[in-house]
Amino acid sequence: MAIRNIRKYGDEILRKKSRNVEKVDLKILRLLDDMRETMYDLDGVGLAGPQVGILKRVIVIDIGDGPIYLVNPEIIQAEGSSIEEEGCLSVPGKNGLVERPTMVKVKYINEKNENNVMVGKDLLARALCHEIDHLNGIMFVDKIIEEG
Ligand code: CO
């Protein structure tokens, strides 16, 4: 277990597209564990691979119900719309209003290397969209409607 260094806005790695993970092996499990620890250390609700300098499609989320690990997450359905304030550990001190769906259905591989589908609503839907955007080099600042 280790706390990893967070890449900050302006770092080119945050703009790159992450690659799919072939298999959830020990190395990926260690990465997920480090990401969880790093996220908790900084009081975040989500963290994506590129934010710790790893261009792999892995995210960790905890909106208060315990950690969720998603490998190769893909949004297969989205509904609704809500505008709420967002922030990002890679953009400290900045907040802004971003429009996101109120429900997303996400296909992913879990930490046991099993295929899974999750439905996220409200804050969880927002966190899933925010973190999956990171895997495609998209940051919340690109989508700000109004500065917070
Ligand atoms: Co972020």
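What share of the contacts in the protein with a separation of 6 or more comes from residues 24 or more positions apart? Such residues account for 66% of them, where contact means heavy atoms within 4.5 Å. Before we walk through the fold, a word on the model: it is predicted, so local features need pLDDT of at least 70 and side-chain atom pairs count only at pLDDT 80 or more, while totals for chains, interfaces and linings use all residues. Residues are numbered from 1 along each chain as its sequence is written, and side-chain values use heavy atoms, with hydrogens and water left out.

Let us start with the whole protein. It has 2 helices and 8 strands; these are DSSP runs numbered from the N terminus, with helices being H or I of at least four residues and strands being E of at least two. Along the sequence they follow the pattern α-β-β-β-β-β-β-β-α-β. A compact globule of 148 residues would have a radius of gyration near 15 Å, and the 14 Å found here agrees with that. This radius is taken over C-alpha atoms, and the globule rule is 2.2 Å times the number of residues to the power 0.38. Of the 148 residues, 46% count as buried, meaning under 20% relative accessible area, whereas exposed means over 50% and partly exposed lies in between (1.4 Å probe, protein chains only).

Now look for the open sheet of 5 strands, which has the order E1-E2-E3-E6-E7 with antiparallel pairing. Two strands pair if DSSP finds at least two bridges between them. Strand E1 (46-48) and E7 stand at the edges with a single partner strand each, so one side of each has no neighbour in the sheet. From one strand to the next, the twist averages 40 degrees. Helix H1 (residues 26-41) packs on this sheet, touching E1, strand E2 (58-61) and E3, and its direction makes about 40 degrees with that of E2. For such angles, axes are lines fitted to C-alpha atoms, for helices over the stretch in contact, and the angles run from 0 to 180 degrees between N-to-C directions.

E6 pairs with strand E3 (residues 68-79) in the antiparallel sense over 6 bridges, and Gln77 stands opposite Lys105 in E6. E6 also pairs with strand E7 (residues 115-121), again antiparallel, over 7 bridges. Here Val104 has Gly120 as its bridge partner, and Ile109 stands opposite Asn115. E6 and E7 form a hairpin with 5 residues between them, and Asn113 in the turn has a positive phi of about 70 degrees.

There is also an open sheet of 3 strands, in the order E4-E5-E8 with antiparallel pairing. Strand E4 (82-86) and strand E8 (144-147) are its edges, and the twist averages 30 degrees from one strand to the next. Strand E5 (residues 96-100) is joined to E8 by 3 bridges, with Val98 opposite Ile144.

Finally, find the cobalt ion. Its protein donors are Cys88 (SG), His130 (NE2) and His134 (NE2), lying 2.1 to 2.2 Å from it. Cys88 lies in the loop between E4 and E5 and His134 in helix H2 (residues 123-135), so the pair ties together parts that are 46 residues apart in sequence. Both Cys88 and His134 are buried. Donors are N, O and S atoms within 2.8 Å of the metal (3.2 Å for Na, K and Ca), and water is not among the atoms, so sites may look incomplete.
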